[in-house]
Amino acid sequence: MMARAIEWLDGKLRILDQSKLPGEQIFNDLDNYHNIVLAIKEMKVRGAPAIGVAAAYGIVLGAASIKTANKDEFLAQLNRVMQAFAASRPTAVNLFQAINRMKKAARGDSVAEIKNSLINEAKQIHEEEVTATKKLSQLGAELIKDGFTLLTHCNAGPLATAGYGTALGVIKAAQDQGKKLSVFVTETRPLLQGARLTTWELRQEGIPVTLITDSMAGYFMKRGEIDCVIVGADRIAANGYTANKIGTYTLAVLANAHGIPFYVAAPTTTIDLSLTSGYQIPIEERSPEEVTHIQGVPIAPEGVRAANPAFDITPPSYITAIITEKGIIMAPYTEGLKGMGSKVS
Ligand code: MRU
């Protein structure tokens, strides 16, 4: 049984600290919203859907910490809590979807009623994420043939979704249908989500896995060893341009050059219909230290300049299909994505 990434337990948020995996399985019980904001920034909780769910519960804890019974004062303070979450990580739109839903749920005749409504909404967001990822995994599994070797990047499993997983959910569902599969996993520099988390999750599911460095993907594609690429997403614009972990674009171009299908699996909470162009998606720039160091150990001369964009944008012309819980969408994406997701900005 897979350890749960996020769990609401006795009025606290229990998170599995993903920054310590696979070496240590450490659970943190968080009852202070500042610590949840920090956990998101430090990527103890990570992956687009999981960030949204964690923020929703974090807002519940933020609300609980507000002591006034005056509704206007309460809502003003709650707004500051929400702003703290909105400033934690910019790219995954699930975070902003969750904040917007919590904003709308902050209704009631009294502060007590609003607090009650907020916890119900957070639980609902969590439940919907579980249902959506399960459903999209079952739909996506139809694209995966018996005997396939897939390649995936970063981590898009239960850890990243607080649910069933997206890219890994599809792989798991295909295996549950009796298909024999194996998976190449790119290590995903700089923070090694592939090497540390995806291999860990796939092994627990008993799915054969081969870890490769990010730069080896083209070699294995050229040799005909990869049948398809499947990844998750952090934000999909209305025209199908997709933000996902840095390196995804490179894989999509490579897959295209080798005639290999490239699938994106994501719940509709990852779709941002307010952006008409993918290049409007804000790309998080993280600390250069994540590049100059590996797990705290320096690997470059001290003081060397390093860049660290955490995500890139894949144009829809490289995407064979986007797998959602509402169906499998193919080009033209502007048409197919209509009515999916929501407008968040
Ligand atoms: O920076 P991270 O680890 O939060 O980035 C995660 C990804 O890029 C995942 O592929 C994406 O969120 C999909 S999660 C199902």
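Reply: The crossing of H2 and H4 is right-handed (the near helix is turned clockwise from the far one by less than a right angle). This is a predicted model: local features need pLDDT of at least 70, side-chain atom pairs 80 or more, while totals for chains, interfaces and linings use all residues. Numbering starts from 1 along each chain as its sequence is written, and side-chain values use heavy atoms, without hydrogens and water.

Me: What angle do H2 and H4 pack at?

Reply: About 30 degrees, with the axes of H2 (residues 48–64) and H4 (residues 93–105) 7 Å apart. H2 and H4 are therefore roughly parallel (angles under 35 degrees).

Me: Which residues in H2 meet H4?

Reply: Ala48, Pro49, Ile51, Gly52, Ala55, Ala56, Ile59 and Val60. In H4 they meet Asn94, Leu95, Ala98, Ile99 and Met102. Contact is heavy atoms within 4.5 Å.

Me: How many of those are nonpolar, polar or charged?

Reply: The contact has 11 nonpolar residues, 2 polar and no charged.

Me: Switching to S15. Are its faces buried or exposed?

Reply: Both faces of S15 (residues 321–324) are covered. Ala321 and Ile323 on one side are buried, as are Ile322 and Thr324 on the other (under 20% relative accessible area, 1.4 Å probe, protein chains only).

Me: Which strands pair with S15?

Reply: S10 (residues 262–265) pairs with S15 in the parallel sense over 3 bridges. S16 (residues 327–329) runs antiparallel to S15, also with 3 bridges. Pairing takes at least two DSSP bridges.

Me: What are the bridge partners of Ile323?

Reply: Ala265 and, in S16, Ile328.

Me: How many residues does the hairpin from S15 to S16 go through?

Reply: The hairpin joins S15 to S16 through 2 residues.

Terms used:
Axes fitted to C-alpha atoms, helices over the stretch in contact; angles between N-to-C directions. Helix = DSSP H or I, 4+ residues; strand = E, 2+ residues; numbered from the N terminus. Parallel < 35°, antiparallel > 145°, perpendicular 65-115°, else oblique. Nonpolar A, V, L, I, M, F, W, Y, C, P; charged D, E, K, R; others polar. Buried < 20%, exposed > 50% of the residue type's maximum accessible area, 1.4 Å probe, protein only.
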